[in-house]
Amino acid sequence: MALNFIHNRPRRSASGQTLPVIDPADGQPYDSIERSNAADVDAAVQAARRCLEGPWARLTAAERGRLLMKLSAKVAEHADELAAVEQRDCGKPTKQAKADALALVRYFEFYAGAGDKLHGHTIPYLDGYSVLTWHEPHGVTGHVIPWNYPMQIFGRSVGGALAAGNVCVVKPSEDACLSLLRVAELAAEVGFPAGAINIVTGYGHEVGDALARHPGIDHISFTGSPRVGTLIQQAAAERHCPVTLELGGKGPQIVFDDADVDAALPFILNAIVQNSGQTCSAGSRLLVQRQLYEPLLQRLGEAFKGLRAGPPGMDLDLGPLIRETQQQRVRGFLDELKRDGLPIVAQGQIDPAADAKGYYAAPTLVRDVPPQHRLAQEEVFGPVLAAMAFDDEDEAVRLANGTSFGLVAGVWTRDGGRQLRMARRVKAGQVFINNYGAGGGVELPFGGVKSSGYGREKGFEALLGFTTLKTVAIRHG
Ligand code: NAD
């Protein structure tokens, strides 16, 4: 039975109700979380406020950094345990779950060393004045986290917020709370003062909504779907609370005739298979220059046929999807493309060891997807890759930019001029040339344009988003 974590203590919810934790590998409940409500959010915000104005206010940036560094080391010590918890909760293959735990270690380490480097400026002004700028923390920050990478998104969001001097109230996805509750306990063990990190579990429309509306929340960092991003924004707008939104994507992988196909293939495959395609930055559209289209699809089709989904502990290419509704969503897209006569090039296998009640989906490569088809426009958030051909650079740019999203793009070409032209012309928060994802990139600012959201997380820039700038003008005669 997993409880909320408020003021460094496990706490029952005000409602006294719980929600089941379902194992996506067999669809069976194996634990429970609290079904919290606005009263629990209020208790967490009050605990956070007391911390902000009490023990947290007395720490220097360097001391906050040392605490984060201790937490990084503690998470490293417990990496296998955390990976196992998240593996069962989210259905991740072992390699992925371990990589996520190590990414959390790295986020805390990165932000531990960054918080005391938030320097302001001095500004030349009128005679007799000195003008300074300070980056001040917002105060109590709210963090609404999705289920696809709980540890990673917690690390980048909460790590950055704490380093910048904020305290945090976190609402994890109702589908993926367990690893984060454990990380909060570890934070208390290494000396984070009570109230610095609070976790309140439950439904989005209950806990998430209450968090977005709470007058004691000074900044909201949201990662999730565009639909809920809009709701958060609307709630926050009522009291002009600043918001950072990390929403979805429909990442194009743009492959020109002159690309190094041997180098590109594993990246193209991994960008749609990783985490069973449940990745906002997934490379879910494949745009290939006409001359290379058939040979590339043939090779990729062979690779797709070799992919296997199965029980997380078998550490295959894919685990199950997170929940039944996600499986239905993926099936809905597959039904639609069959109805519309879109050709499936190849599908991977579901291993016979997979439980029939698990939420598995076979990875699928689809070709000749019309650019306006729902499969080319909307996030599947599952392992379905939509391929289409283009003739020249202009058409590649039109297709790449032809969705409501703009999160991440990949460009594959040996032509240096084209690399830079494409990087300029593609509308996305990150453009990768001859790679995709750059191995996670804790240091690399990440976020979107258009319906992919705004504001940046990861890297040093994220720290600026967790602060507000104060200008101090001193007239000294
Ligand atoms: P979701 O938007 O349904 O849920 C995200 C979080 O919001 C969860 O914690 C949920 O409980 C909460 N929530 C739901 N309704 C709410 C409400 N009315 N008010 C406040 N909070 C509410 O998304 P999901 O299903 O958890 O995740 C999948 C989506 O997230 C995809 O669209 C994906 O692209 C996106 N995503 C984006 C990024 C990114 O960094 N850009 C990362 C991961 C996921």
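These are my notebook entries on a predicted model.

**Ground rules**

I treat this as a predicted model, where local features need pLDDT of at least 70, side-chain atom pairs count only at pLDDT 80 or more, and totals for chains, interfaces and linings use all residues. Residues are numbered from 1 along each chain as its sequence is written, and side-chain values use heavy atoms, with hydrogens and water left out.

**Entry 1**

I looked up the strand order first. An open sheet of 7 strands runs 15-17-18-13-12-19-20, with mixed pairing. I take helices (H or I, at least four residues) and strands (E, at least two) as DSSP runs, numbered from the N terminus. Two strands pair if DSSP finds at least two bridges between them. Strand 15 (344-347) and strand 20 (430-433) are the edge strands, and each pairs on one side only. Neighbouring strands of this sheet are turned by 20° against each other on average, direction ignored.

Strand 15 and strand 17 (residues 364-366) run antiparallel and are joined by 3 bridges. Ala346 stands opposite Leu365 in strand 17.

Next I noted the helices on this sheet. Helix 9 packs on the sheet and touches strand 12, strand 13, strand 18 and strand 19. The direction of helix 9 makes about 165° with that of strand 12. Helix 11 (residues 324-339) lies across strand 15, strand 17 and strand 18, at about 145° to strand 15. For these angles, axes are lines fitted to C-alpha atoms, for helices over the stretch in contact, and angles run from 0 to 180 degrees between N-to-C directions. I count a contact when heavy atoms are within 4.5 Å.

**Entry 1: helix 13**

I asked how many residues of helix 13 are buried. For helix 13 (residues 393-400) the count is 6 of the 8 residues, so this helix is largely enclosed by the rest of the structure. Buried means under 20% relative accessible area, exposed over 50%, and partly exposed in between (1.4 Å probe, protein chains only). The buried ones are Glu393, Glu395, Ala396, Val397, Leu399 and Ala400. They pack against strand 12 (252-255), strand 13 (285-289), strand 18 (384-390) and helix 14 (416-425).

**Entry 2: rings**

I found 8 aromatic pairs in the structure. Rings of Phe, Tyr and Trp (its six-membered ring) pair if their centres lie within 6.5 Å; planes under 30 degrees apart count as stacked, over 60 as edge-to-face and the rest as tilted. Phe267 and Trp412 have ring centres 5.4 Å apart and planes at 50°, so I log the pair as tilted. This pair links distant parts of the chain: Phe267 is in helix 9 (residues 261-273) and Trp412 in strand 19 (residues 408-412), 145 residues apart. Phe267 is partly exposed at 33% relative accessible area. Trp412 is buried at 1%.

Phe432 and Tyr436 form another tilted pair, 6.0 Å centre to centre with 55° between the planes. Phe432 is buried at 7%. Tyr436 is buried at 10%.

I also looked for charges over rings. A charge sits over a ring if NZ of Lys or CZ of Arg is within 6 Å of the ring centre and within 35 degrees of the ring normal. The charged end of Arg88 sits over the ring of Tyr30, 3.9 Å from its centre. Lys458 lies over the face of Phe446, 4.9 Å from the ring centre.

**Entry 3: Asn148 and Pro150**

Where is Asn148 placed? I located Asn148 in the loop between strand 7 (140-144) and helix 5 (150-163). Asn148 is buried, at 4% relative accessibility. Its side chain reaches the backbone oxygen of Gln278 at 3.2 Å. Leaving out residues up to four places away in sequence, Asn148 touches Lys92, Ile153, Asn275, Gln278, Thr279, Cys280 and Phe381.

Pro150 lies in helix 5. Pro150 is buried, with a relative accessible area of 0%. Pro150 and Ala428 are 278 residues apart in sequence and 23 Å apart in space, C-alpha to C-alpha.

Strand 5 pairs with strand 6 (residues 129-137) over 2 bridges. Thr122 stands opposite Leu132 in strand 6.

Technical notes: Polar contact = N/O pair within 3.5 Å; in protein donor to acceptor, adjacent residues only side chain to side chain.
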